[in-house]
Amino acid sequence: MSNIYKAFENGKAFIPFILCGDPDIETTAGCIVEMEKAGASMIELEIPFSDATAEGPVIMECSIRALEKGITTDKIFEMVKSLREEKNVKIPFVFMTYANVVFSYGIERFCKRASELGVEGLILADVPYEEKDEFDGICKENGIDLISMITPTSCERTPMIVSSASGMIYIGTSFDSNGVEDAIKTEIPKLCASVREVADIPCVTGFGISTPEQAAEAAKSADGILCGTGIIELIAKYKEDAPAHIGDYVKSMVSAIK
Amino acid sequence: MADSKGRFGIHGGQYIPETLMNAVNELEVAYNRYKDDPEFNRELKDLLDNYAGRPSILYYAEKMTKDLGGAKIYLKREDLNHTGSHKINNVLGQALLAKKMGKTRLIAETGAGQHGVATATAAALLGMECVIFMGKVDTERQALNVYRMKLLGADVVSVTTGTATLKDAVNACMGEWTTRLDDTHYCLGSVMGPHPFPTIVRDFQAVISRESRAQILEAEGRLPDYVLACCGGGSNAIGSFYHYINDEGVGLIGCEAAGRGIDTFETAATINTGKLGIFHGMKSYFCQDEYGQIAPVYSISAGLDYPGIGPEHAMLHDSGRAQYVAVTDDEAVDAFEYLSRMEGIIPAIESAHAVAYAKKLAPTLDKDKIMIVTISGRGDKDCAAIARYRGEEIYE
C-alpha cells in the first residue's frame, strides 16, 4: 500500500497536474516547488507520450512539444531525484502516462525507480480493468498504487473496478458539449456516490476544472480536485516565468476547497 | 483476476481508456450475436456479391510468369472490387453490423483514402451519416480520394496533430468515438486496435483466402506454395493468409513498407525494425524509440505508413508461420510500373510492395511452384504521386 491516503488526511486534497518538460524541465521543477509551498496535497506528473490519445488536443500538443525538446523518462526521474535530494521537496507524486512508456522502460525497472523516488501512484490512461494485472502486481510489490478510473460510461462496470482499486479513484467526466459546470453539478456527485456504494476510497476528479468556484463546487462531492486545465493555461501564458505565477493560483484553489 | 480478451499469443488485448470499454464490449456482444446469424450472413453475402462484385477473380499472370521465368504467378484481384480495393469487404460487414446495433453514424480513419472511400460508400448505401478522419499530409497526397469521399456525402476531417498521418487519424477517431458512443460506430479499417476489432476485421477480410483457396484448387488442383500480400496494419494480408494458416506447405509472406530503407529512420517496416509494445489498444510490434515513444514512420504508400502491425501478424511472426519482408519505395515504384506494362494492371502502390517481392522471389523458384499475390487495390489514386516521384508534375 502507498501513502496516497495521507494526501486526504487534512480534508479535501488539491492535486495540481503538470506535464513534465513543457516548456522545459527546469520550469517543471520550479512549478513543483511552488505548488508544494502553496499547499498542494499531492502532484500529478505526466510523462509525455507521443500519442496522448486519452486526452484532448491541448495535452497532445504540449506532449509533442516537450518530446521535441528532448524530454525522456530518465530525465523526469532525474528531476524528481534532484527535487527530493536538493530542494527538499516532500510532497507525494503520482505519475500519469501511457502503457507503452512504462512497458518499454520495463515495468519492474520503472516501478522500482519510481518507488525509490517517493512516487506513490501510477495512472495509465490506456490500461483498463481488463489489462491491469500485468502492471498491478509489480506496482504493489513496489508500494505503488495503480489508480483506477471511473467514467460516466462505466455504469455496471463500477463495482468490479472499485472493488479491486487501491489508493484513490479517478473520476473522469465526459468531454461533451454540456460543459464543465453541468458535469460538476450532475455527473461528479453521481459517480462519487456510485464509488462509495462499493468501497470507502478517496475520489478525485478534475477533467476541465480551472476556477476556484468550480473546484469548490466539485469538492462538495469529491475528496480531491485534480487540476490540469488551469495550470496548463498558466504555463502556456507565462512559459519559463510560470513558477512565479503558479503559487498564487494553487493557493486560491486550495483555499476554495477547504 | 481480470480476464484479458482477444489475445493472439502474447499480442492483442484491450489497452484503451475506461471511456471506451463499454463501446468495445457492446461491439463484441453484437458481433457474437450476428457473426453466425444466417440472416446477417445472407444480407452480407448479397451486398458482397451484388454490390461489391465478389467473388474477385484469381488471374493467371502468364506474361509476368514467363518474364520472370520461375514460379507460376496468380493475382488475386481485390482491385476489381467496387471502390477499388479490399477495404469494402470489411466495411460492408461492419456497416451492416452497426446498422443492426442501431447506430446511425459511421466514423473511420483513413491513410491512402481507400478505407475512407469504402466507408463513405457503405454509409451512402445504407443511409448512414459518415465522418472520415485523415491526416493532413495524406489529404494532400491523396486529394482525389478526399474529393471522392465528399462526393459520397461524407465529411472529411483533416487531422493536424502529431505527424498528421494514419496513426494520428486513428487517434482522432478514438477521441471522437469517446464523445459519441450512442449513435456512432467506429468502422476501424485494419486488423488492429483493441479486441474485438482484429478478429472482426480478419473475419470479414478472410473472404479473400476463402475464395482464392477454392479458385486455386479449381485451376491447379492443389494449394499454392506461397501467398504474398502487402502489410501495413495487415488487413489484406491476414485476409489473404487466413484460410491457409493450417496448411503448413503454404508459405505466407507479408511485404512491409521499408520506405527509404530499413537502415534509415524513414521506414514503416514494423516487424523488421520495430519492437514489442502497447499502442492503439493492442500489444504488438511498433516502430518506437528506446523510451516507447511512437516513431514518425515514412513510406511512399499512405496506406502502409503506419507504425504498428495487427496482433495476429505479430503472433504469426513469433511462431515463424509467416515471414515479413521489407520492400523499399524504389522497389515498389518499379513494381508499380512493371505490372502496369507487363499485365495491363495498375496496382495500388501498397499492393506494388507485394508485386515487388514476387518479382524477386519468383525467378528463384522452380516452374512447378505456384504463388498467389494479392493485388489489394487499384493504382489510379497513386498516379499523380508516382509521376511526382519520377520528377513529372501532372494535374489531376
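User: Where do the two domains of chain B run in the domain assignment?
Analyst: This is a predicted model, to start with. For chain B, the assignment gives domain 1 as 8-48 + 87-201 and domain 2 as 55-84 + 206-389.

User: OK, and how far apart are the C-alpha centres of those two domains of chain B?
Analyst: The centres of domain 1 and domain 2 of chain B lie 22 Å apart.

User: How many residues of each are in contact?
Analyst: In chain B, 39 residues of domain 1 are in contact with 35 residues of domain 2.

User: Which elements supply the domain 1 side of that in chain B?
Analyst: Those giving at least two residues each are β2 (11-15), α4 (87-100), α5 (114-126), α6 (136-141), α7 (143-151), α8 (166-179) and α9 of chain B. The largest share comes from β2(B), with five residues.

User: And what classes of residue are on that side of domain 1 in chain B?
Analyst: The side of domain 1 of chain B that touches domain 2 divides into 17 nonpolar, 18 polar and four charged residues.

User: What comes just after α13(B)?
Analyst: Gly320(B) is found there, and Gly320(B) takes a positive phi of about 80°.

User: Zooming out, how many helices and strands does chain B have?
Analyst: Chain B comes to 16 helices and 14 strands. Its radius of gyration is 19 Å, close to the 21 Å that the globule rule gives for 396 residues, so chain B is as compact as a globular protein of that length.

User: What does the C-alpha trace of chain B span along its principal axes?
Analyst: About 55 × 45 × 45 Å for chain B.

User: And how much of chain B is buried?
Analyst: Buried residues make up 62% of the 396 residues in chain B. As for contacts in chain B with a separation of 6 or more, 74% of them are accounted for by residues 24 or more positions apart.

User: Switching to chain A. What domains does the assignment give there?
Analyst: Chain A has domain 1 (13-146 + 224-253) and domain 2 (148-222). The C-alpha centres of these two domains of chain A lie 20 Å apart.

User: How many residues are in contact between those domains of chain A?
Analyst: 17 residues of domain 1 of chain A are in contact with 21 residues of domain 2 of chain A. On the domain 1 side, β1 (13-19), β4 (119-124), β9 (224-227), α10 (229-238) and α11 (242-257) of chain A each supply at least two residues. β9(A) gives the most to that side, with four residues. By class, the side of domain 1 of chain A that touches domain 2 has eight nonpolar, seven polar and two charged residues.

User: Last topic: how many residues does the contact take from chain A and from chain B?
Analyst: It takes 36 residues from chain A and 30 residues from chain B.

User: Which elements of chain A give two or more residues to the side that touches chain B?
Analyst: Those are α2 (57-68) and α4 (99-105) of chain A. α4(A) gives the most, with six residues. By class, the side of chain A that touches chain B has 17 nonpolar, ten polar and nine charged residues.

Notes
Residues are numbered from 1 along each chain as its sequence is written. Chains are lettered from A and ligands numbered from 1 in the order in which they are written. This is a predicted model: local features need pLDDT of at least 70, side-chain atom pairs count only at pLDDT 80 or more; totals for chains, interfaces and linings use all residues. Domain bounds come from an automatic or database domain assignment. Two residues are in contact if their C-beta atoms, placed from the backbone, lie within 7 Å. Ala, Val, Leu, Ile, Met, Phe, Trp, Tyr, Cys and Pro count as nonpolar, Asp, Glu, Lys and Arg as charged, and the others, Gly among them, as polar. The radius of gyration is taken over C-alpha atoms; the globule rule is 2.2 Å times the number of residues to the power 0.38. A residue is buried if 20 or more other C-beta atoms lie within 10 Å of its own, exposed if 12 or fewer, and partly exposed in between; C-beta atoms are placed from the backbone.
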